[in-house]
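Here are my notes on the helix packing and the chain contact, as numbered points. Have the model open while you read.

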Amino acid sequence: MATFLGINLFGLFGQLLVGLINGSFYALLSLGLAIIFGLLKIINFAQGALYMLGAFFAWMALNYMGINYWAALLFVPLAVGFLGILMERFLLRPIANEDHLYSLLLTFGLALILQGAFTHLYGSSGLSYAIPEQLKGGNRLPFMYLPNYRAWIILASIVVCAGTWYMIEKTKLGAYLRAGTENPQLMQAFGINVPLIVTLTFGFGVGLAGFAGVMAAPVYSVSPDMGSNMLIVVFAIVVIGGMGSIGGAILTGLGMGVVEGLTKYFYPEASTTVIFAVMVIVLLTKPAGLFGKEA
Amino acid sequence: MKISKSAVALVALGLVAPFVLYPVFVMKVLCFALFACAFNLLLGYVGLLSFGHAAFLGTGGYITGYMMMEAGLTPELGILCGTGAAAALGAVYGKLAVKREGIYFAMVTLALAQLAFFVYLQAPFTGGEDGMQGVPRGHLFGLIDLSDNMNMYYFVFAIFLFGFWVVNRTIHSPFGQILKAIRENEPRAISLGYNVNDYKWAAFVISSALAGLAGSTKTLVFQLASLTDAHWHMSGEVVLMTLLGGMGTIFGPIVGAGAVVTIQNYLSGGELGNYIHIIMGLIFVICVLAFRSGIVGEFQKFMKKNFS
């Protein structure tokens with residue numbers, strides 16, 4: 001049972017699981033980027049740093065205030081989202097009419113500040129965050145061992161992604177958001193408070209990064225550079241998927257995680273580069289991205 | 001007229017500098033100034049924000065280091081190889097990157113540069129995390145001993161002037177005018193019959209070759225090629241240098257490089273060393289919010305307002 005056609009199934013499924021978990025984080029982060037891009041037309045370079053911030057907030061809440069994982073899962077995204085709202089209102093809005101490249105550079109600067117600050121405070125070696133009591137242990141499936149916390153990551157991120165997709169594609173609020181993406185001036189003329197929607201959207205997109213950060217704290221080491229390493233991969237994923245669709249961002253994120261996991265099993269040397277290689281292939285064959293709309 | 005006066009001042013400054021300042025420091029500034037000038041050719045004159053220029057700096061450095069250490073080439077040939085390799089990488093990366101515009105262009109170049117970074121991290125010849133150490137400076141044309149800092153300095157200065165001249169020639173050529181037209185109004189440039197992507201690509205190759213030249217020279221100066229040069233932090237630093245000095249100005253990148261290298265040298269010596277990234281980030285934010293024309297740009301505005 002353990003091998004099939006010379007393939008070690010235990011190892012294969014193990015790497016697939018790791019891939020799905022990475023993919024869950026890719027999906028959450030690229031979903032946040034896509035939502036922000038849709039309305040603000042900017043790429044938030046600080047998304048990775050805010051994901052890192054989410055993980056650190058969870059760690060600080062537990063160690064300084066005794067706030068447990070479940071409470072952190074609720075409050076940290078709100079806190080990170082609130083920071084995002086401040087960021088949009090006081091830093092990004094004043095330059096909203098300038099070239100969008102300036103917004104990119106601004107968020108890059110913020111990412112440097114956040115990463116530098118946490119490196120200074122906590123060093124670069126990384127902290128550990130215990131898996132919550134309720135999710136310890138795991139189940140032995142016929143083909144693999146599935147730790148409970150890992151199953152929870154995949155489940156929770158799929159629920160959050162699907163919920164976000166539903167909210168944007170099927171609800172009234174989502175309709176405003178999509179209308180704002182198409183034509184903000186016209187929407188404003190209908191008496192809808194566009195700047196408020198922009199601010200809340202940014203807060204929500206950033207909050208998703210905070211949520212991902214809390215989820216990641218128990219599986220990855222909580223370290224200042226956890227965000228930047230992740231973000232560059234997520235950028236490649238965004239290029240692969242194209243930012244035209246919310247569903248596309250989610251699917252590409254999960255899919256690329258799986259591709260990475262498979263590569264780790266079959267050809268480990270290429271596991272860090274495979275997503276970039278896929279990006280090159282997509283650029284050559286379908287430059288707008290798999291789900292991209294623009295030419 | 002004004003430009004040529006400034007250029008004379010630049011040359012004079014460069015000739016005297018090693019007698020006033022520590023030569024290795026000035027060489028470091030010159031290498032980064034060349035790197036920033038190369039980058040500015042793309043951002044300032046074509047409007048393309050590359051977030052992956054570290055790949056070319058790193059490639060230039062590694063290939064030159066390898067050629068000097070393993071093949072025993074003379075410095076000028078080593079630098080030629082490094083520059084050529086960076087140009088070749090730039091030709092491939094540029095072809096891919098010009099397929100996308102604006103923010104996507106930045107993301108594509110960043111991702112491609114990260115690909116190069118991981119390759120250099122794993123490839124056996126680069127020495128991984130340790131880098132390539134003890135690269136010999138060698139004898140220029142087999143004659144002039146470059147291990148002497150003064151000889152090395154004037155060699156570096158000559159390279160810098162050459163790179164600076166290339167950038168200037170490019171900007172002021174008919175080719176450069178078309179690049180500016182693309183920056184200002186791309187649809188119009190297309191409607192005039194220019195194959196915009198080919199022009200962008202050509203500018204990208206020139207820029208990456210010069211970035212590689214800067215990296216090659218830097219490797220000789222410090223006798224070291226390391227992953228730092230290929231890291232995305234380096235790509236960010238060159239953006240900062242150009243932004244701080246003034247993008248789209250001829251002398252801005254030089255001023256910006258001088259300022260950033262000075263700040264870094266100053267900070268890394270003192271107890272503020274831990275704050276280096278925070279301070280760099282703060283400069284970024286301040287530049288974007290309040291100082292978008294950069295030092296040279298603001299200076300030019302000031303001169304225009306008061307003296308003409």
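1. In chain A, helix 2 meets helix 3 through A:L50, A:L53, A:G54, A:F57 and A:A58 on one side and A:A72, A:V76, A:A79, A:V80, A:L83 and A:M87 on the other. Contact here means heavy atoms within 4.5 Å. By class that is 10 nonpolar, 1 polar and no charged residues, with Ala, Val, Leu, Ile, Met, Phe, Trp, Tyr, Cys and Pro taken as nonpolar, Asp, Glu, Lys and Arg as charged, and the others, Gly among them, as polar.

2. A word on conventions: this is a predicted model, where local features need pLDDT of at least 70 and side-chain atom pairs count only at pLDDT 80 or more, while totals for chains, interfaces and linings use all residues. Residues are numbered from 1 along each chain as its sequence is written, chains are lettered from A and ligands numbered from 1 in the order in which they are written, and side-chain values use heavy atoms, leaving out hydrogens and water.

3. Back to that pair: helix 2 (residues 47-65) and helix 3 (residues 69-92) of chain A pack at about 140°, axes 10 Å apart. Axes are lines fitted to C-alpha atoms, for helices over the stretch in contact, with angles from 0 to 180 degrees between N-to-C directions. That makes helix 2 of chain A oblique to helix 3 of chain A (under 35 degrees is roughly parallel, over 145 roughly antiparallel, 65 to 115 roughly perpendicular, the rest oblique).

4. In chain B, the axes of helix 6 (residues 149-172) and helix 7 (residues 174-184) come within 4 Å and cross at roughly 70°, so these two helices of chain B are roughly perpendicular. B:T170, B:I171 and B:H172 of helix 6 touch B:P174, B:F175, B:G176, B:Q177 and B:K180 of helix 7. The class count is 3 nonpolar, 4 polar and 1 charged.

5. How much area do chain A and chain B bury between them? About 3700 Å², 81% of it on carbon and sulfur atoms; this is accessible area (1.4 Å probe) lost on putting the two parts together, summed over both. In residue terms, 43 of chain A are in contact with 38 of chain B.

6. The rule finds 1 salt bridge across the interface of chain A and chain B (a side-chain nitrogen of Lys or Arg within 4 Å of a carboxyl oxygen of Asp or Glu). B:R292 and A:E98 form a salt bridge at 3.1 Å, N to O.
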